[in-house]
Amino acid sequence: MSDFGFYFNLGWEHIISRDALDHQLFIMALAAIYLLKDWRQVLVLVTAFTIGHSFTLALTIFNVIHFPSNWIEFLIPCTIVITAISNLFQKNFTPKSIRINYFLALFFGLIHGMGFANKLRVILAEDQSIGWSLFGFNVGLEAGQIIVVMIVLLISFLFVELLKVNRMEWVIFASAAAFSIALKMAIERISEL
């Protein structure tokens, strides 16, 4: 059980720590088009991200797939940029019109999952249960994502519901913030390719 707790904390830190800005920005970009009343949809959305993330994390740890880490580190902010841009094409915010976000969460989760695999592979001890460790990590990751989502949804509630900012203006503001920081990250990481 101690392995589970250790890897839960590792997954939690993977999302909550200051070093996790790229993951926080991705979640912010994904959740920017939702309101607090949509919290169930957003939880499904971050679970889709966790599924994609978990899948490639496991495949990478078991050496089924390998992708150069410098490319993954470059592609991660690119996923944020693309997600933020896709938000600008939302017009009516109906469940059908924002269905693309589930695809983005799942597909881009695949890319994000490869980003942490090398570090996790080094941490995993030979005698540990990899399956149990990955499960703990993913539960911690999901818990951290839920906290980030709730913060984004509470901020959107503050702006849209209490301060009466137009919903599209909120989406543009939140998406532009995520876009600009992620674009800067991507440009900085180009030199490492």
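Me: Is lysine 164 buried or exposed?
Reply: Lysine 164 is exposed, because its relative accessibility is 63%. Buried means under 20% relative accessible area, exposed means over 50%, and partly exposed lies in between (1.4 Å probe, protein chains only). Please note that this is a predicted model, in which local features need pLDDT of at least 70, side-chain atom pairs count only at pLDDT 80 or more, and totals for chains, interfaces and linings use all residues. Residues are numbered from 1 along each chain as its sequence is written, and side-chain values use heavy atoms, with hydrogens and water left out.

Me: Where is lysine 164?
Reply: Lysine 164 sits in the loop between helix 6 and helix 7. Its phi is near 60°, a positive value in a residue other than glycine. Helices here are DSSP runs of H or I with at least four residues, strands are runs of E with at least two, and both are numbered from the N terminus.

Me: Which phi does asparagine 63 have?
Reply: Asparagine 63 has a positive phi of about 60°, although it is not a glycine. This residue lies in the loop between helix 3 and helix 4. Asparagine 63 counts as exposed because its relative accessible area is 58%.

Me: And what does isoleucine 65 touch?
Reply: Isoleucine 65 is also in the loop between helix 3 and helix 4. Apart from neighbours within four places in sequence, it is in contact with Thr56, Leu59, Thr60 and Met114, where contact means heavy atoms within 4.5 Å. Isoleucine 65 is partly exposed, since its relative accessible area is 27%.

Me: How far is isoleucine 65 from serine 191?
Reply: The two residues are 24 Å apart in space, C-alpha to C-alpha, and 126 residues apart in sequence.

Me: New topic: how many helices and strands does the protein have?
Reply: The protein has seven helices and zero strands. Along the sequence the pattern is α-α-α-α-α-α-α.

Me: Which residues touch the most others in the largest nonpolar core?
Reply: That core has 40 residues, and Phe26, Ile33, Tyr34, Val42, Ile80, Ala105 and Val149 touch the most other members. A nonpolar core is a set of buried Ala, Val, Leu, Ile, Met, Phe, Trp, Tyr and Cys residues joined through side-chain atoms within 4.5 Å. Two or more residues each come from helix 2 (21-31), helix 3 (39-61), helix 4 (69-87), helix 5 (100-123), helix 6 (130-162) and helix 7 (167-190). Helix 7 gives the largest share, seven residues. A second, separate core has eleven residues, among them Tyr7, Ala58, Leu120 and Leu124.

Me: What does isoleucine 80 touch?
Reply: Leaving out residues up to four places away in sequence, isoleucine 80 touches Asp22, Leu25, Phe26, Ala29, Ala178 and Ala182.
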